[in-house]
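Good morning, and thank you for making time for this presentation.

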Amino acid sequence: MICQVCEAEIPKGHQVEIQGRGKRGLNSIVCANCAESIERELQTETENPNMIVAVLAGLAAAVVGTLVWYGVVIITEYQLGFIAVGVGWLIGIGVAFGAGRKRGPALQGISVAITLAALVVSQYLIVRQFAVELLAEEGITGLPLWLPLDLMIDLVVTSIGENLITLVFGAIALWAAFSTPARRRLHRVDPA
């Protein structure tokens, strides 16, 4: 057998089979040295993340994602839930990139927390926009951008309760935020 990384000949019984990605991912055969090297490389992805920049990059991604989602709703007059998933993914990417292209549990927590806040703010802005339009039809104007916190929370909770699909897409968005900066691992395949 030949190592698929360094192309060295591998003595029988000393190969390491690495599981491919996805259902159709092909397994790779590597030597023990290359497998160790890959594991070390994956471990360094979790060491010394720049947490401050990770938070700032995640917040910047949240602002961009929130504005895009809000803009799409204003233009289309439809709340497209898959955009929420994109918001979670974008925040996860922002956090990992800001951390210095690092990954790990702490970055996953930051990504999820920022995504949750972004989803709540996005939902509030969307519900507020629909309320502004309804009130304008009745001749009422001047609804402030930020209502008292308890009223904002009530609006978001009520809107989610009336449209549970929003909750489903929110959960998928949180999963995207959680899984994007997750630590990568080498998946060995046991010889059969």
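**Backbone, cysteines and helix packing**

Glutamate 7 has a relative accessible area of 63%, and is therefore exposed. Please keep in mind throughout that this is a predicted model. Glutamate 7 is located in the segment that precedes β1, the strand at 16–18. The backbone deserves attention here: the phi of glutamate 7 is positive, near 65 degrees, and the residue is not a glycine. As background, most residues other than glycine have a negative phi.

A second residue belongs in this part of the discussion. Asparagine 48, likewise not a glycine, has a positive phi of about 55 degrees. Where does asparagine 48 lie? Its place is the loop between α1 (32–44) and α2. Asparagine 48 has a relative accessibility of 71%, so it counts as exposed.

I turn now to the cysteines. How many disulfides does a search of the whole structure find? The search returns 0 disulfides. Cysteine 6, for instance, takes part in none; the nearest cysteine sulfur belongs to cysteine 3 and is 3.7 Å away. For comparison with that distance, the cut-off for a disulfide is a pair of cysteine sulfur atoms within 2.5 Å. Because its relative accessibility is 40%, cysteine 6 counts as partly exposed.

Is cysteine 31 buried or exposed? With a relative accessible area of 12%, cysteine 31 is buried.

Next, a residue of helix α1. Alanine 35 lies in this helix, and a relative accessible area of 0% makes alanine 35 buried. Setting aside residues up to four places away in sequence, alanine 35 touches Val16, Val30, Leu186 and Arg188. The C-alpha atoms of alanine 35 and alanine 171 are 35 Å apart in space, with a sequence separation of 136 residues.

That brings me to the packing of helices. In general, two packed helices are described by the angle between their axes and the distance between the axes. Helix α2, residues 51–76, packs with helix α4, residues 105–137, at an angle of about 25 degrees, and their axes are 9 Å apart. Angles under 35 degrees count as roughly parallel, and α2 and α4 are therefore roughly parallel to each other. The crossing of α2 and α4 is right-handed. In the contact of α2 with α4, 19 residues are nonpolar, 5 are polar and none is charged.

Helix α4 also meets helix α5, residues 149–162; the axes of α4 and α5 come within 9 Å and cross at roughly 85 degrees. That angle is why α4 is roughly perpendicular to α5. The contact of α4 with α5 divides into 7 nonpolar residues, 2 polar and no charged. On the α4 side the residues are Val120, Gln123, Tyr124 and Val127, and they meet Met152, Leu155, Val156, Ser159 and Ile160 in α5.

I close with one residue of that contact. Glutamine 123 lies in α4 and, because its relative accessibility is 3%, counts as buried. What does glutamine 123 touch, not counting residues up to four places away in sequence? Its contacts are Trp69, Gln79, Val156, Ser159, Ile160 and Thr166.

Conventions:
Residues are numbered from 1 along each chain as its sequence is written. This is a predicted model: local features need pLDDT of at least 70, side-chain atom pairs count only at pLDDT 80 or more; totals for chains, interfaces and linings use all residues. Side-chain values use heavy atoms; hydrogens and water are left out. Axes are lines fitted to C-alpha atoms, for helices over the stretch in contact, and angles run from 0 to 180 degrees between N-to-C directions. Helices (H or I, at least four residues) and strands (E, at least two) are DSSP runs, numbered from the N terminus. Angles under 35 degrees count as roughly parallel, over 145 as roughly antiparallel, 65 to 115 as roughly perpendicular and the rest as oblique. A crossing is left-handed if the near helix is turned anticlockwise from the far one by less than a right angle, and right-handed if clockwise. Ala, Val, Leu, Ile, Met, Phe, Trp, Tyr, Cys and Pro count as nonpolar, Asp, Glu, Lys and Arg as charged, and the others, Gly among them, as polar. Contact means heavy atoms within 4.5 Å. Buried means under 20% relative accessible area, exposed over 50%, partly exposed in between (1.4 Å probe, protein chains only).
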